[in-house]
Amino acid sequence: MSVTLSVLDLAPIAPGQSARESFAGSVKLARAAERHGYKRVWYAEHHNMATIASSATSVLIAHIAAHTESIRLGAGGIMLPNHAPLTIAEQFGTLETLHPGRIDLGLGRAPGSDQATMRALRRDNSSADRFPQDVLELQGFLGDESRIPGISAVPGAGTHVPLYILGSSLFGAQLAAHLGLPYAFASHFSPDALQQAATLYRRDFKPSEQLSEPYVIAGVNIVAADDPAVATEDFEALRRIRVRSLISRGPATPHYSDEEIDAFLTTREGHQLASMMKYTGIGTGDDARRYLENFAEIAQADELMVCHQSVTIEGRLRSLELTADAMKAAQV
């Protein structure tokens with residue numbers, strides 16, 4: 001089967017690396033994705049995480065767009081309750097004006113942070129309740145008619161930047177279906193409701209001006225290397241980094257050794273955190289291809305948003321290349 005592949009880049013900051021080095025790696029990854037035929041690259045809004053550099057998502061997209069030529073770029077996603085819809089419309093309207101036909105806008109309602117960071121963002125617990133209304137308001141700002149009389153996004157109005165609803169629960173699936181928007185499920189880190197959400201979305205989808213048929217994007221992790229043993233080692237190192245980042249937020253929290261993380265992974269709580277990476281393909285390029293083809297059927301997905309995982313940018317680039325080459329070879 002033919003599976004459309006895209007890339008999710010969290011702009012990871014590896015141990016001993018700076019954010020500037022992470023951004024240089026993101027440029028390399030986007031250029032490689034462009035060369036190897038991936039459809040798009042998305043960047044996610046996270047805050048107060050020492051291992052992720054994509055907090056100023058629209059700024060990073062602008063930087064990557066200036067260093068690439070044709071690949072679509074976007075947010076996967078912007079956590080809309082953290083922002084005023086008008087501000088996001090202006091930011092992504094600016095991006096679309098500078099790079100026409102290349103910009104996507106995925107929207108989520110999670111904080112992308114912890115409770116303390118939510119307060120620092122001036123966000124309260126009721127912010128998520130306004131998400132459906134905020135999506136419609138944003139859609140109006142980017143369309144031909146604002147929902148707020150006398151208020152226009154400049155730039156932004158008339159750009160029709162395509163919107164995507166992101167989620168990891170049935171709420172996002174229901175909203176995307178109701179609004180007739182594409183739906184992207186965050187199964188790369190929150191796998192539990194994937195199949196139920198995809199089924200609900202396809203069943204209840206209502207056509208819209210943007211989209212006539214349901215369209216599902218599913219997130220998935222891939223760790224591909226020339227040597228499958230290297231891929232396995234990379235995955236184990238990445239899992240430690242992921243768990244450490246989840247239990248050690250902020251500069252004042254303790255640093256846990258690899259031995260302590262491995263011991264934690266044997267506990268009930270450790271198993272729960274490790275299960276977040278349930279949908280991960282590990283091995284050679286051919287192993288990645290087989291995994292992705294099977295996963296696409298499980299997820300009822302039209303497109304896979306692949307998060308190529310490695311401790312190093314060289315490893316991520318090789319994973320991207322091996323996967324793309326194996327997919328192309330299978331289609332010949």
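Helix axes are lines fitted to C-alpha atoms over the stretch in contact, and angles run from 0 to 180 degrees between N-to-C directions. Helices (H or I, at least four residues) and strands (E, at least two) are DSSP runs, numbered from the N terminus.

**Before you click**

This is a predicted model: local features need pLDDT of at least 70, side-chain atom pairs count only at pLDDT 80 or more, and totals for chains, interfaces and linings use all residues. Residues are numbered from 1 along each chain as its sequence is written, and side-chain values use heavy atoms, with hydrogens and water left out.

**Stop 1: a crossing of two helices**

Select helix 8 (residues 228–247) and helix 9 (residues 258–265). Their axes come within 10 Å and cross at roughly 85 degrees. That makes helix 8 roughly perpendicular to helix 9. The cut-offs are these: under 35 degrees is roughly parallel, over 145 roughly antiparallel, 65 to 115 roughly perpendicular, and the rest oblique.

Now show side chains. Arg239, Arg240, Val243, Arg244 and Ile247 of helix 8 meet Asp258, Ile261, Asp262, Phe264 and Leu265 of helix 9. Contact means heavy atoms within 4.5 Å. The contact residues divide into 5 nonpolar, no polar and 5 charged. Here Ala, Val, Leu, Ile, Met, Phe, Trp, Tyr, Cys and Pro count as nonpolar, Asp, Glu, Lys and Arg as charged, and the others, Gly among them, as polar.

**Stop 2**

Select Thr267. This residue lies in the loop between helix 9 and helix 10 (268–274). Buried means under 20% relative accessible area, exposed over 50%, and partly exposed in between (1.4 Å probe, protein chains only).

**Stop 3: helix 1 and helix 12**

Select helix 1 (residues 19–35) and helix 12 (residues 313–331). Their axes come within 10 Å and cross at roughly 10 degrees. The two helices are therefore roughly parallel to each other. Helix 1 brings Gly25, Lys28, Leu29, Ala32, Ala33 and Arg35 to the contact, and helix 12 brings Ile313, Arg316, Leu317, Leu320 and Lys328. These residues divide into 6 nonpolar, 1 polar and 4 charged.

Stay on helix 12 and pick Thr323, which lies in it. Thr323 has 0% relative accessibility, so it counts as buried. What does Thr323 touch, leaving aside residues up to four places away in sequence? Look for Leu5, Tyr38, Ile222, Ala224, Ala288, Leu292 and His308.

**Stop 4**

Select helix 2 (residues 57–66), where Thr57, Ser58, Leu60, Ile61, Ile64 and Ala65 are buried. They cover an arc of only 155 degrees around the axis, which puts them on the same side of helix 2. The arc is that of the directions from the helix axis to the C-beta atoms. Turn to the face away from the buried side: it carries the exposed residues Val59 and Ala66. The buried residues of helix 2 pack against helix 1, strand 2 (40–43), strand 3 (72–79), helix 3 (85–98) and strand 4 (103–108).

**Stop 5: helix 6**

Select Gly172, Ala173, Leu175, Ala176, Ala177 and Leu179, the buried residues of helix 6 (residues 170–179). They pack against helix 5 (131–142), strand 5 (163–167), strand 6 (183–185) and helix 7 (194–204). Just after helix 6, Gly180 takes a positive phi of about 70 degrees.

**Stop 6**

Most residues other than glycine have a negative phi, and most peptide bonds are trans. Select Asn48, in the loop between strand 2 and helix 2. Asn48 has a positive phi of about 60 degrees. Next comes His160, in the loop between helix 5 and strand 5. Its phi is positive too, at about 55 degrees.

Now the cis bonds. One runs from Gly76 to Gly77, with omega near 5 degrees. Gly77 lies in strand 3. Another joins Val154 and Pro155, with omega about -5 degrees.

**Last stop: zoom out**

Show the whole protein: 12 helices and 9 strands. Buried residues make up 53% of the 332 residues.
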